[in-house]
Amino acid sequence: MNPLVTPELGLVVWTTVAFALLFFILAKFAWKPIMGAITERERSIEDALLKAEAAKEEMSRLTNENESLIKQARAERDLILSEARKVKESIISEAKETAHKEGARMIELARVEINNQKAIALADVKNQVATLSLEIAEKILRKQFEDQAKQDELVSQLLKEVKL
Amino acid sequence: MDFRPVLNSKKITLGIVLSVFSLFVSVKAFAFQEKNAAEPATETKEEGKFDPTETIMEHISDSHYFHIGGKLAMPLPVILYTDKGLEVFMSSVFEEGEKIHEGKYYKYALIHDKIKAVTGEDKTEDATAKVYDLSITKNVASMLLSMVILLLVFLSVASTYKKRAGKAPKGLQSFLEPIILFVRDDIALPNIGYKYARFMPLLLTVFFFILINNLIGLVPFFPGGSNLTGNIAVTMVLSVITLLVVNLNGNKHYWAHIFVPSTVPVWLWPLWWVVELLGIFSKPFALMIRLFANITAGHIIVLALISLIFVFKSVAIAPVSVAFVVFMDVLELLVAMLQAFIFTLLTALFIGTAIEEHHH
């Protein structure tokens, strides 16, 4: 048999021993820590990536939320503004109406007052005229009846007129 | 367990490993000088002939010496388990097969780089002796070197992971992490499924063990160049591991598919059993042959191209040879990674089919 394909006992034994030794030492002191460290690092990297992804999602969620909030706020603002405008308009129109009514009422009152005052004033004037007339009449009468003769004449005249 | 002090002195450790290697080298070199001085005639005579087959076979098969260059070689420890007891000595005693070593129990000779128990000086084999060669050969030394490299690299990377928990990878860690992730995401996960984590240590060890040894095999100078993953014994052990892991983890669907296939008529079952049982062994067998053949073929081609220079005995052929060798080496670099990938991928695939829950 060709020596190349004849396994020698010595080399078989030494290879078995050496490989077994190498396997156990490397398995315990090299492969275990190395594979452990690689797996651990991969896990941490994956974890970090997942976290980053989650953060990104959270971020986009927040952005969306913000946008919707802004939109909502904008709509609300518009609503409030339009309402305010309406209120303003109604207030203004109301005020105008009120003012109008009040004005009319006051004018009416003023008219009534004026009329009253006019009546009072007229009454006053009438009184004054009456008083004056009476005073004048009195003065005239006084003047006329200053002397006794005249008074007597009148009395006699009056008496004459009385027909019994 | 804290490896930091070890890792801090990584360079020192490497230095020690290399200096131990070079210690043996210097001793051997001295020994060879003596020998060359004694026998100059035989050397010149042998230089005339060049046998590429012999050279190539010598390079791709295992050896009791770790050749460095020229006649320089590092002797390796010989460990023999005989029926009488254990024998341990350095391979330098054989002086490249020239001498017979008188051991404690038997006399030994190195015949075609194999240690045999012999009766006397004539190198006839001692039939009564039962000798099992458990020596640290070139391939074993190379494998130990690869183990040292793998342990230094991955224990240091593991400590970096502990130190820099949760941080981005750095340095060697960032070079190896994509490969580890490749094994996990492209080999283990798609083939095994969610239960992949249990088999990751095995797949990673197999992948890097094959890869580093393929790469060491491509290094043309000492301490590389050994044909470890192109050795049938090594690929056999690796594929037996695959066989065991696959079948020990096989769930009831896997075994039911083999022994009580509901879609197959009962009279066909015996034939089915034969085919399926053959399949159990043929799959790892294919793994064994694939890795062995690919790596060995690569080594043979590179060595054959280099041998061309010596076959033609001309320097003019060298540029052509070197150009082809560079091309082949680049290709082999791809094959080194590809074979490590395929072996791991198929192991994962077999495990996947054995533990698959849903069956059809």
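Which residues of chain B does the UniProt annotation "transmembrane region" cover? Select 12-32, 140-161, 202-222, 228-247, 254-275, 287-312 and 333-355 of chain B, and you have the spans listed in that unreviewed entry. Keep them coloured for the tour. Remember throughout that this model is predicted.

**Stop 1: confidence**

Colour chain B by pLDDT. The average is 82, and 86% of the residues score at least 70. Now select residues 1-46 of chain B, where the pLDDT is below 50. Beyond near neighbours in sequence, this stretch has 38 contacts in the model. Where pLDDT is low, predicted coordinates should not be read in detail. For the complex, the predictor gives an ipTM of 0.81 and a pTM of 0.73.

**Stop 2: chain B overall**

Switch to a cartoon view. Chain B has 11 helices and eight strands. Of its 360 residues, 45% count as buried. Take the contacts between residues at least 6 apart in sequence: 62% of them join residues at least 24 apart.

**Stop 3: annotated spans**

Select residues 140-161 of chain B. This span is 100% helix and 0% strand. Its end C-alpha atoms are 31 Å apart. Next, take residues 228-247 of chain B.

Now move to chain A. The "transmembrane region" annotation from UniProt, again an unreviewed entry, covers residues 12-31 of chain A. That span is 100% helix and 0% strand. From end to end, its C-alpha atoms lie 25 Å apart.

**Stop 4**

Strand S1 (residues 65-69) and strand S2 (residues 72-75) of chain B pair antiparallel, over four bridges. Find Phe66(B): its bridge partner in S2(B) is Met74(B).

**Stop 5: a three-stranded sheet**

Which strands form the open sheet, and in what order? The order is S4-S3-S8 in chain B, with antiparallel pairing. Strand S4 (86-90) and strand S8 (131-133) of chain B are the edges, each pairing on one side only. On average, neighbouring strands of this sheet are turned by 25° against each other, direction ignored.

Zoom in on strand S3 (residues 77-82) of chain B. Five bridges link S3(B) to S4(B). One pair to show is Tyr81(B) with its bridge partner Leu86(B) in S4(B). Strands of a sheet pair through backbone hydrogen bonds. Show side chains too: in a regular strand they alternate between the two faces of the sheet.

**Stop 6: two hairpins in a row**

Strand S5 (residues 100-102) and strand S6 (residues 107-111) of chain B run antiparallel, joined by three bridges. A hairpin of four residues connects S5(B) to S6(B). Look for Glu102(B), whose bridge partner in S6(B) is Lys107(B).

Lys107(B) also stands opposite Val118(B) in S7(B). S6(B) and strand S7 (residues 114-118) of chain B pair antiparallel over five bridges. Their hairpin has two residues between the strands, and His112(B) takes a positive phi near 50° there.

**Stop 7: the largest nonpolar core**

Show both chains. The largest nonpolar core has 78 residues. Trp31(A), Ile34(A), Phe154(B), Ile180(B) and Phe208(B) have the most contacts inside it. Several helices each supply at least two residues of this core, including helix H1 (9-144) of chain A, and helix H5 (138-163) and helix H10 (269-312) of chain B. H1(A) gives the largest share, 14 residues.

**Stop 8: Trp255(B)**

Select Trp255(B), in helix H9 of chain B. Is this residue buried or partly exposed? Trp255(B) counts as partly exposed because its relative accessible area is 29%, between the 20% and 50% cut-offs. Leaving aside neighbours within four places in sequence, Trp255(B) is in contact with Asn247(B), Gly250(B), Val260(B) and Ile280(B). Then draw a distance to Ala354(B): the two C-alpha atoms are 8.3 Å apart, though 99 residues separate them in sequence.

**Last stop: Lys313(B)**

Find the loop between H10 and H11 of chain B, and pick Lys313(B) there. Its phi is positive, near 50°, in a residue other than glycine. Lys313(B) is exposed, with a relative accessible area of 66%.

Notes. Residues are numbered from 1 along each chain as its sequence is written. Chains are lettered from A and ligands numbered from 1 in the order in which they are written. This is a predicted model: local features need pLDDT of at least 70, side-chain atom pairs count only at pLDDT 80 or more; totals for chains, interfaces and linings use all residues. Side-chain values use heavy atoms; hydrogens and water are left out. Two strands pair if DSSP finds at least two bridges between them. Axes are lines fitted to C-alpha atoms, for helices over the stretch in contact, and angles run from 0 to 180 degrees between N-to-C directions. pLDDT is the predictor's confidence in each residue, from 0 to 100. Contact means heavy atoms within 4.5 Å. UniProt positions are given in the numbering used here, feature names are shortened, and annotations may be inferred rather than shown by experiment. A nonpolar core is a set of buried Ala, Val, Leu, Ile, Met, Phe, Trp, Tyr and Cys residues joined through side-chain atoms within 4.5 Å. Buried means under 20% relative accessible area, exposed over 50%, partly exposed in between (1.4 Å probe, protein chains only).
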